[in-house]
Amino acid sequence: MLDRTRRAALPKHHSMSVPRTMFAAAIDRFGGPDLITGHALPVPTLDAGEVLIAVDTAGVGGWDADIRDGLYAPRKPHFPLVLGFDGAGVVAAVGAGVRRLRAGDQVYSYSWQNPKGGFYAEYVAVAADNVAPIPKRLDLRHAGAIPITGLTALQGIDDALGLKKDEIVIIHGASGGAGTLAIQFARLRGARVFATASGKEGVELVQEMGAHAAVDGKRVHIDDAARRFAPDGVDAVLAFAGGDALEQCLNVLRPDGRLAHPNGIEPAPKKRRGMTLIRYDAVAGVREFERLGSAVQAARLKIPIAECYPLVKAGKAHQRLAEGHVLGKIVLAIHGT
Ligand SMILES: NC(=O)c1ccc[n+]([C@@H]2O[C@H](COP(=O)([O-])OP(=O)(O)OC[C@H]3O[C@@H](n4cnc5c(N)ncnc54)[C@H](OP(=O)(O)O)[C@@H]3O)[C@@H](O)[C@H]2O)c1
């Protein structure tokens with residue numbers, strides 16, 4: 001449980017005056033969800049090319065749990081370590097070299113392993129190129145849910161697969177954070193989408209997101225169902241989960257088809273003869289966020305938020321993540337109660 005005594009000091013609204021200290025959810029050593037505790041920390045200082053964001057919403061994903069566990073631990077980790085790689089908020093200050101953004105702008109951002117600390121905090125300092133105005137049709141809560149998953153989904157569809165109109169794609173593991181968005185981006189490009197999801201509610205969710213056909217990939221033979229949908233095989237597979245079920249998807253891939261997946265799915269698939277295998281990492285940048293913003297508008301993107309926890313319950317959010325079967329995305333409301 002986090003220290004609630006600091007809550008009195010949480011600002012009720014965003015202001016341009018920045019305090020010297022802030023509330024953050026951080027770890028003092030690597031381990032389980034209960035190690036995430038409340039800390040009073042200095043607000044990060046700003047370099048010339050950086051933006052200070054008063055965070056409204058932080059994303060919670062499997063990669064946060066990996067960091068918490070110490071999976072990507074550097075040789076000399078620096079504690080307390082504030083978790084969180086993405087989120088949305090209001091620009092509180094900009095560095096001397098920043099022209100593109102101004103105090104008061106509503107922005108969202110993705111910053112991997114930021115040495116100045118993550119988004120589970122009232123303030124985060126991020127390189128300006130990794131920060132962008134939120135898409136017009138989103139509020140901060142929904143914008144904060146998608147920097148990582150949105151970039152991952154869009155770059156999977158457009159850059160890794162280069163999906164074209166009328167192509168047939170299997171989106172495997174489509175009921176999670178990235179998959180729910182990837183279905184919509186694939187539809188935006190005019191593709192036909194066969195989605196595999198987890199559980200009955202997962203299947204219902206991916207149908208709502210626009211999948212032409214969907215199956216519970218933990219219960220049915222994916223290859224039989226996908227073959228009925230695409231008797232001549234599918235052009236591409238975008239995988240957000242690995243293992244036997246993914247191998248079933250690959251049985252339906254045309255011999256010269258493409259398989260793309262973000263690094264991190266377990267176990268990672270092996271290349272089969274003839275197939276093009278593209279492994280990728282989501283990339284943040286000015287151009288990348290412009291493309292995401294355009295796609296969010298054009299797709300009228302629906303963003304399923306599975307659960308929203310206040311920052312003081314960040315440990316509980318991680319417990320929920322560990323239980324699995326999260327439909328869509330978990331987020332933290334920085335000023336929630
Ligand atoms: N390298 C990068 O830049 C990058 C960026 C983002 C994400 N990633 C990786 O991409 C993957 C997806 O991320 P995410 O945030 O979307 O994860 P997620 O929310 O956990 O989504 C994965 C989904 O796949 C489902 N699933 C698992 N086995 C299935 C099966 N046999 N059939 C159908 N569905 C199945 C899961 O359901 P249950 O939870 O019910 O099992 C879950 O809904 C993760 O491995 C993540 O680490 C990498």
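Here we take the ligand, then the backbone.

Tutor: First, keep in mind that this is a predicted model.

Student: Which residues come nearest to the ligand?

Tutor: A178, S198, K218, D281 and A282 do, out of 25 residues around the ligand. Three elements each supply at least two residues of this shell: α3 (147–160), α4 (177–188) and β10 (192–197).

Student: How many residues of each class does the shell have?

Tutor: Eleven are nonpolar, twelve are polar and two are charged.

Student: What about polar contacts?

Tutor: Look for pairs of N or O atoms within 3.5 Å. A polar backbone atom of G177 is 2.9 Å from a ligand oxygen. For A178, a polar backbone atom is 2.8 Å from an oxygen of the ligand. A282 also has a backbone N or O atom 2.8 Å from a ligand oxygen. The protein covers 80% of the 920 Å² of accessible area that the ligand has on its own.

Student: Which pocket does the ligand take?

Tutor: The ligand takes up the space of the largest pocket.

Student: Now the backbone. Which peptide bonds are cis?

Tutor: The bond from F79 to P80 is cis, with omega near -5°. P80 is in the loop between α1 (62–69) and β4 (81–82). The bond from E266 to P267 is cis too, with omega near -15°.

Student: Is R300 buried or exposed?

Tutor: Exposed means over 50% relative accessible area. R300 has 58% relative accessibility, so R300 counts as exposed. R300 also has a positive phi of about 45°, although it is not a glycine.

Technical notes: Residues are numbered from 1 along each chain as its sequence is written. This is a predicted model: local features need pLDDT of at least 70, side-chain atom pairs count only at pLDDT 80 or more; totals for chains, interfaces and linings use all residues. Side-chain values use heavy atoms; hydrogens and water are left out. A residue is near a molecule or strand if one of its heavy atoms lies within 4 Å of it. A polar contact is a pair of N or O atoms within 3.5 Å; within protein, one must be able to donate a hydrogen and the other to accept it, and residues adjacent in sequence count only if both atoms are side-chain atoms. Accessible areas come from the Shrake-Rupley method with a 1.4 Å probe; for residues, only the protein chains shown count as cover. On a 1 Å grid over the protein atoms alone, a cavity is a set of points where a 1.4 Å probe fits but cannot get out, and a pocket is an open set with protein on both sides within 12 Å along at least five of seven lines; lining residues have an atom within 4 Å of a point. A molecule sits in a cavity or pocket if more than half of its atoms lie within 2 Å of its grid points. Helices (H or I, at least four residues) and strands (E, at least two) are DSSP runs, numbered from the N terminus. Ala, Val, Leu, Ile, Met, Phe, Trp, Tyr, Cys and Pro count as nonpolar, Asp, Glu, Lys and Arg as charged, and the others, Gly among them, as polar. Buried means under 20% relative accessible area, exposed over 50%, partly exposed in between (1.4 Å probe, protein chains only).
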